[in-house]
Amino acid sequence: MLNKINPWKTQNKPSSLHERIDQIKSQEVPSHIAIIMDGNGRWAKKRSLPRIAGHHEGMKVVRKITKLANQLGVKTLTVYAFSTENWKRPKREVDFLMKLPEEFLGTFLPELIEENVSVKMMGYKDKLPAHTLKAVEKAMDDTKDNTGLILNFALNYGSRAEILEAVNKVLTDSKNGIIEETISEELFSSYLMTSELKDPDLLIRTSGEIRLSNFMLWQLAYTEFWFTEVLWPDFSEEHFVEAIEVFQGRQRRFGGV
Ligand code: V07
């Protein structure tokens, strides 16, 4: 049937979320999606709420998007929860943030187990409060045999530090004669915190900031980027679906031979 608005179009874009999900699943779904979840503080400010209210609302969105990613057949979802630079924030805010992993897992871990999700973490564990680390390690252990989506939390993560640490380990292994003189990309990747993961296919950053902020600098070399003005607590299933539709559109245009 011809479209009245655009007669050259023979088919309208499917409209309901359900139809869009089915359409996405009939094509190549990005296997690893990474998200910089920005704009929680601004969301709170707009509502005259304390910044922590924005972080708390943002936490609920992580759960919603995890569910959808799993449903779509995404293999890995990496979310930037806390950067090595975030320690510079006011102590009260940092203390609140460090309680979020426990709250998130206390509420959603049974559901994640039910959905066959495997929880992982990348970042420097040493600086994390014991209570935070304990909750995350329990979740990782409880879900280690799950075969569905990998939900990878970047927690006290910084990419330059990760790369430098890898370089120093390479130097040590080289001195000890464990590895060859020349280092390939593949070997170097095996020294990073993401050694078990594929590189991301799609990076999403919310809140209108167009930069990487020390996030996965090595791993994002060939990744498609999708930016939105939407603040993370307002990020919906429709926005996530839109990002994947744009990704699939780019694949169709450039993906040929
Ligand atoms: C945090 C909520 C999401 C928006 C970004 C900043 C605030 C979930 C976690 C989490 C981390 C590890 C884990 C389980 C859950 C989290 C922090 C901040 C520090 F095993 N959300 N979220 N951690 N925010």
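Author: Start with aromatic pairs. Rings of Phe, Tyr and Trp count as a pair if their centres lie within 6.5 Å. By this rule the predicted model has nine aromatic pairs.

Reader: Why is the pair of Tyr80 and Tyr157 called edge-to-face?

Author: The ring centres of Tyr80 and Tyr157 are 5.9 Å apart, and the planes stand at 75 degrees. Pairing needs centres within 6.5 Å, and edge-to-face needs planes over 60 degrees apart. Both conditions hold, so Tyr80 and Tyr157 form an edge-to-face pair.

Reader: What makes this a link between distant parts of the chain?

Author: Tyr80 belongs to strand β2 and Tyr157 to strand β4. They are 77 residues apart.

Reader: Which residues are closest to the ligand?

Author: His55, Met59, Leu97, Val136 and Phe153 are the closest of the 17 residues that surround the ligand. The protein buries 98% of the 510 Å² that the ligand exposes when taken alone. Elements giving two or more residues to this shell are α3 (51–72), β2 (76–83), α5 (100–114) and β4 (150–157).

Reader: How many residues of each class are in the shell around the ligand?

Author: The shell has 14 nonpolar residues, three polar and no charged ones. The space that the ligand takes is the largest pocket.

Reader: How do you know what confidence the chain has?

Author: pLDDT runs from 0 to 100. The chain averages 95, and 93% of the residues score at least 70.

Notes: Residues are numbered from 1 along each chain as its sequence is written. This is a predicted model: local features need pLDDT of at least 70, side-chain atom pairs count only at pLDDT 80 or more; totals for chains, interfaces and linings use all residues. Side-chain values use heavy atoms; hydrogens and water are left out. A residue is near a molecule or strand if one of its heavy atoms lies within 4 Å of it. Accessible areas come from the Shrake-Rupley method with a 1.4 Å probe; for residues, only the protein chains shown count as cover. On a 1 Å grid over the protein atoms alone, a cavity is a set of points where a 1.4 Å probe fits but cannot get out, and a pocket is an open set with protein on both sides within 12 Å along at least five of seven lines; lining residues have an atom within 4 Å of a point. A molecule sits in a cavity or pocket if more than half of its atoms lie within 2 Å of its grid points. Helices (H or I, at least four residues) and strands (E, at least two) are DSSP runs, numbered from the N terminus. Ala, Val, Leu, Ile, Met, Phe, Trp, Tyr, Cys and Pro count as nonpolar, Asp, Glu, Lys and Arg as charged, and the others, Gly among them, as polar. pLDDT is the predictor's confidence in each residue, from 0 to 100. Rings of Phe, Tyr and Trp (its six-membered ring) pair if their centres lie within 6.5 Å; planes under 30 degrees apart count as stacked, over 60 as edge-to-face and the rest as tilted.
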